[in-house]
Amino acid sequence: MIKSAVTVLICMILYDLLDAGTVPFQASIAAMLCIQPYRAKSREAAFQRVAGILLGAVCGIAVDLLWLEVLAPLGAGSLIQAVVVSLGIVLTLYAAVLFHQSPAASYSCVIYLGIAMQFTTSDEPLRYVGDQLTATFFGLAVGLLVNACHLPRRKRRMTLFLVDLEKLLPNDNGKVTGYSRVVLNNLIEDGCNLSFTTVKTPGSVLESLEGIPLRQPVILMNGTAIYDPVRHVFLTKQEMTHDDAVLMRNLLRELGTDSFQALMSGNSVLMFYQKLTAGEQELYEATSSSPYRSYICHELPDDAEVAYLLVLDESAKVAAVKLELEKRGMAKRFRLYNYDSRDFPGYSYLKIYPKDAKPENMLDALRTETGFSDIQCIGDGLQGEHIVHALKAAYEPPVWKRH
């Protein structure tokens with residue numbers, strides 16, 4: 001918002017200093033169009049503005065010359081002129097589609113009508129187009145310059161920034177906000193090395209971070225694995241044995257609940273199940289159609305190692321099950337992690353991991369896999385977009401601020 005106001009101010013001041021003799025209306029519009037969240041979008045907007053003028057100008061001049069040089073001398077009336085000008089709109093729109101400039105079509109029509117409807121001599125359209133181009137190029141130069149201006153900052157491109165994805169996500173739809181997506185994309189484009197730690201599986205991460213290019217390995221499933229989203233492979237795994245998984249699954253059944261058993265296979269996580277609780281049935285029905293989910297109703301394969309077990313049941317039931325597991329000493333053999341479900345009110349998750357599966361235990365492996373000796377965790381005590389602000393400040397501090 002501030003940059004948009006600054007572009008208009010600069011256009012008005014420069015027009016006044018240059019004694020242009022006109023108001024900077026077109027220049028200001030062109031300048032504001034260049035204020036875009038992404039630098040590539042800024043250049044694209046500038047190109048579309050110029051393309052719109054040129055397409056509209058060519059069509060407008062063609063129709064204007066047809067009327068002035070051919071139809072008017074033959075005595076054609078205003079009705080014929082109206083038909084010709086209207087058909088010119090079709091020509092202009094078709095030209096925009098033909099030259100792959102559909103986003104510029106509406107402005108092309110504005111320029112076309114400005115020429116076709118108001119000039120009575122053949123040289124006036126050329127002066128009009130010249131004025132439009134001059135004002136537009138002036139405004140584009142101002143807009144691109146202002147959009148590229150930033151305070152001098154250091155870029156910490158030799159640091160890997162690690163963000164807790166659960167703290168970043170809002171409480172409504174489990175996906176990053178539009179603002180966070182823009183800032184994260186700009187930082188990644190600028191060279192920020194960004195990774196995440198999360199309780200999610202690879203598919204869930206892709207859904208939550210849709211539209212954000214992941215270029216660094218991420219810590220998944222609460223420290224159970226490190227996953228490379230570029231090559232789509234698991235780089236490091238922390239799994240429980242088949243016997244331990246079967247023991248825990250049977251114990252859960254004894255306590256009146258059931259579970260999914262997550263297996264890392266190839267580049268995906270397979271969710272095996274035999275019986276489901278009401279909450280797990282709801283989860284299955286809500287997510288089974290997703291291309292990022294793989295559910296298999298079958299017994300665990302012999303000797304298959306398991307990443308974790310997942311229980312989704314009524315909150316009171318989950319709390320009681322966890323307490324009983326702790327009483328039986330299972331917390332010494334496994335890591336028990338529970339939290340309330342966002343998507344299914346009244347239900348809670350209980351995830352059971354190998355004892356040593358923790359995000360902090362994966363940091364050394366993450367250093368080895370990425371080659372970054374300096375890893376900075378972002379978001380301690382923060383939530384949502386405040387994490388994005390902290391990340392931006394940490395990645396590009398002012399040049400006068402010492403790290």
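How many aromatic pairs does the structure hold? The structure holds 9 aromatic pairs; rings of Phe, Tyr and Trp (its six-membered ring) pair if their centres lie within 6.5 Å. The model is predicted, so local features need pLDDT of at least 70 and side-chain atom pairs pLDDT 80 or more, while totals for chains, interfaces and linings use all residues. Residues are numbered from 1 along each chain as its sequence is written, and side-chain values use heavy atoms, without hydrogens and water.

A pair of aromatic rings is described by the distance of the centres and the angle of the planes. Tyr-273 and Tyr-284 form a tilted pair, 5.6 Å centre to centre with 55° between the planes. Planes under 30 degrees apart count as stacked, over 60 as edge-to-face and the rest as tilted. Tyr-273 lies in strand E7 (residues 268–273) and Tyr-284 in helix H11 (residues 278–287), so the pair ties together parts that are 11 residues apart in sequence. Helices (H or I, at least four residues) and strands (E, at least two) are DSSP runs, numbered from the N terminus. Tyr-273 is buried at 11% relative accessible area. Tyr-284 is partly exposed at 24%. Buried means under 20%, exposed over 50%, and partly exposed in between (1.4 Å probe, protein chains only). Phe-260, Tyr-273, Tyr-284 and Tyr-295 form one aromatic cluster.

Two helix pairs were examined. The axes of H8 (residues 178–190) and H14 (residues 385–395) come within 10 Å and cross at roughly 20°. H8 is therefore roughly parallel to H14. Axes are lines fitted to C-alpha atoms, for helices over the stretch in contact, and angles run from 0 to 180 degrees between N-to-C directions. Angles under 35 degrees count as roughly parallel, over 145 as roughly antiparallel, 65 to 115 as roughly perpendicular and the rest as oblique. The crossing of H8 and H14 is left-handed. A left-handed crossing has the near helix turned anticlockwise from the far one by less than a right angle; clockwise is right-handed. By class, this contact of H8 with H14 has 7 nonpolar, 2 polar and 3 charged residues. Ala, Val, Leu, Ile, Met, Phe, Trp, Tyr, Cys and Pro count as nonpolar, Asp, Glu, Lys and Arg as charged, and the others, Gly among them, as polar.

Helices H4 (residues 78–98) and H5 (residues 105–116) pack at about 145°, with axes 9 Å apart. H4 passes H5 in a right-handed crossing. Their contact has 10 nonpolar, 3 polar and no charged residues.
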